[in-house]
Amino acid sequence: MKIAVLSDTHGLLRQEVLEQIESCDALIHAGDIGSQRIIDEIFIHLKPRVPVYFVRGNNDGVWDCHLLKCQRFTLSGVNFCVVHEKKDVPWNLEETQIVIYGHTHKYEEREKEGRLWLNPGSCGEKRFFDAPSMALLYLEDGKWRVEKVEI
C-alpha cells in the first residue's frame, strides 16, 4: 500500500503534490489545510474509493469544524494516530504503530520503541529554510518504509 502523507498546505496545493497523490492507495493530511477547496482538489486527483484522513490544524478556520484534532485508524493492518501538533498526541498510544503530525514545517522521521514518528514537512508555500516536502509511506506485511519527497 502506498500512502501520501501531507501537512501544512496552507491553501496551496502544488502540481508536484497532485502528481504524487494520483498513484496512492490512501492519503493522510496532518492539518493546516487552508480551505475546503484544497480537500476538494485532493479528491479530484485520487483514485476512486481511496481512504482519506484529514485533521484540523491550528490555522484552519471555521470551515473545518467537521474535522477532528486527532484521528486513529488502521490501514493495511497498521495502526495510526494523526494530529496536527505533536503536543496533541494522546498519552496512551496503545497499539499505535505510526504517529503522524505536522505544524513545524520541518520533515522528521524517527523510530522510537518500534513506533514510527513522521512529520512530512510542509508542502504548501516555502517557509523558513527547508524546501517544501511530503512523504510517501509504503506498507507491506505490517512493515513500513518512508520516502521523503522534496517539492
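**Strands and sheets**

Tutor: Strand β9 (residues 133-140) and β10 pair in the antiparallel sense over eight bridges. Strands are DSSP runs of E with at least two residues, helices are runs of H or I with at least four, and both are numbered from the N terminus. Two strands pair if DSSP finds at least two bridges between them. In this pair, Ala135 stands opposite Lys148 in β10.

Student: What kind of model is this?

Tutor: This is a predicted model: local features need pLDDT of at least 70, side-chain atom pairs count only at pLDDT 80 or more, and totals for chains, interfaces and linings use all residues. Residues are numbered from 1 along each chain as its sequence is written, and side-chain values use heavy atoms, leaving out hydrogens and water.

Student: Which order do the strands of the open sheet have?

Tutor: The five strands run β3-β2-β1-β9-β10, with mixed pairing. β3 (52-54) and β10 (143-150) are at the edges with a single partner strand each, so one side of each has no neighbour in the sheet.

Student: Which residue takes a positive phi in the hairpin of β7 and β8?

Tutor: Glu113 does, with phi near 55 degrees, and the hairpin has two residues between the strands. β7 (residues 107-112) and β8 (residues 115-120) form an antiparallel pair over six bridges. Glu111 has Leu116 in β8 as its bridge partner.

Student: How many helices and strands does the protein chain have?

Tutor: There are two helices and ten strands.

Student: What percentage of the residues is buried?

Tutor: Buried means under 20% relative accessible area (1.4 Å probe, protein chains only), exposed over 50%, and partly exposed in between. Here 49% of the 151 residues are buried.
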